[in-house]
Amino acid sequence: MFRFFAASILITLLAAPAASVRLKDIASFRGVRANQLTGYGLVVGLKGTGDKNGTEFTVRSLASVLARMGIGVDADQIQVKNVAAVVVTASLPAFSRTGSRIDSTVSSLGDATSLEGGTLIMTPLFGADGEVYAIAQGSISVGGFSAGGGGGSSVSKNHTTVGRLAGGATVERELAYEIDRKDAFDVALAEADFTTARRIARSINRELGEDVAVAPDPGTVRVRVPAHYRTDVVGFLAAVEAVDIDPDHAARVVLNERTGTVVMGQNVSISKVAISHGSLSVTIRIQNDVSQPLPFSDGETTEIVNDEITAVEEDARLTVIDGPVTIDELVRGLNAMGVTPRDLISILQAIKAAGALSAEIQVM
């Protein structure tokens, strides 16, 4: 049933016609991107799940924070378990304005066992240039829990040493990027391709009714701002990124041996090939037993280990697939042979090694 279900899904995907996509889904304007922010802070209010006394940098950081608040404390005298040192990361979107709020991720840096219920105290977030661009503070959500007993037993759900601050960081500095004075923009393709870049340039020119786009290389399309759009550059960029594109993709087969997942594009084709596939299953069963001596004998009770090994080899049949065939037809043929998705992975790799598969194999 699973075999039929998996093959059915694959055939359905392959039968679907190629659809056009918006330009903004496969490319972006060069320079308009998010920037990464990082900071170091402390989470307080933990229920005994914070860093242990051996984590010296947490104690030193807490003493420094208290000193800035006017409370002088000897770091060697601090013994608390409700504080954890953390690293805070965030992504600052392009054109974020001062006062807007962004999400951030809080990750334990020491040996804390959980950040559940903790509060991040004010933490500056720095950019790659060393400037502070946002300030993070607030209650942490970990989406899980952990609990332990005195006998060493414990139970946990999800990862409790990493949490999120939803809208918990406030933007304090804006990224400088002016678009009004620019007379041209570069569109960067997520996946460089000569055919796709040429199609994008043609589609933009056709949609706008004039030659404003050209592809200097397979990863870039340069668009010129027309004269009548000089006072509405945002409107021009919105019109460009909404243009429908029919991207071209290289033939590729993606395999995941851990899950048995096989994903294949519609451009994959196979030449004439003969396939024989059989699998050998070996089962080893171990049963522990005890041998008792006879009454009034000098024997001793001993342990006995009984091994039972069974090997079953399935019948293999040689099947010839006349090429060229599509991957849809190949799956139908292999499904008729009774192969499983995991068998299909081995067969596709063997077909590629034989030179009959016209596609790139990517193993995850």
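This is a predicted model: local features need pLDDT of at least 70, side-chain atom pairs count only at pLDDT 80 or more; totals for chains, interfaces and linings use all residues.
## Cavity

The volume of the largest cavity is about 50 Å³. Its lining consists of Asp51, Lys52, Thr58, Val59, Leu62, Ile78, Val80 and Val83. By class, five of these residues are nonpolar, one is polar and two are charged. Helix α2 (residues 56–68) contributes the most to this lining, with three residues.

## Surface patch

Helix α2 also contains Phe57. Together with Tyr40 and Leu109, Phe57 makes a nonpolar surface patch of about 270 Å². Phe57 counts as partly exposed, because its relative accessibility is 36%.

## Salt bridges

The count of salt bridges comes to 10. One of them joins the side chains of Glu241 and Lys24, at 3.5 Å from N to O. Glu241 belongs to helix α4 (residues 233–241) and Lys24 to the loop between β1 (21–22) and β2 (27–29), so this pair ties together parts 217 residues apart in sequence. Glu241 is partly exposed at 23% relative accessibility, and Lys24 is partly exposed at 39%.

Asp186 and Arg222 meet in a salt bridge of 2.7 Å, N to O. This pair links strand β11 (residues 184–189), which holds Asp186, with strand β13 (residues 220–224), which holds Arg222, across 36 residues. Asp186 counts as buried at 17% relative accessibility, whereas Arg222 is partly exposed at 38%.

Notes: Residues are numbered from 1 along each chain as its sequence is written. Side-chain values use heavy atoms; hydrogens and water are left out. On a 1 Å grid over the protein atoms alone, a cavity is a set of points where a 1.4 Å probe fits but cannot get out, and a pocket is an open set with protein on both sides within 12 Å along at least five of seven lines; lining residues have an atom within 4 Å of a point. Grid points are joined across faces, edges and corners, and a volume is the space filled by probe spheres set on the points. Helices (H or I, at least four residues) and strands (E, at least two) are DSSP runs, numbered from the N terminus. Ala, Val, Leu, Ile, Met, Phe, Trp, Tyr, Cys and Pro count as nonpolar, Asp, Glu, Lys and Arg as charged, and the others, Gly among them, as polar. Patches are made of residues with over 30% relative accessible area and no salt bridge: like charges are joined within 9 Å, nonpolar side chains (Val, Leu, Ile, Met, Phe, Trp, Tyr) within 5 Å. Accessible areas come from the Shrake-Rupley method with a 1.4 Å probe; for residues, only the protein chains shown count as cover. A salt bridge is a side-chain nitrogen of Lys or Arg within 4 Å of a carboxyl oxygen of Asp or Glu. Buried means under 20% relative accessible area, exposed over 50%, partly exposed in between (1.4 Å probe, protein chains only).
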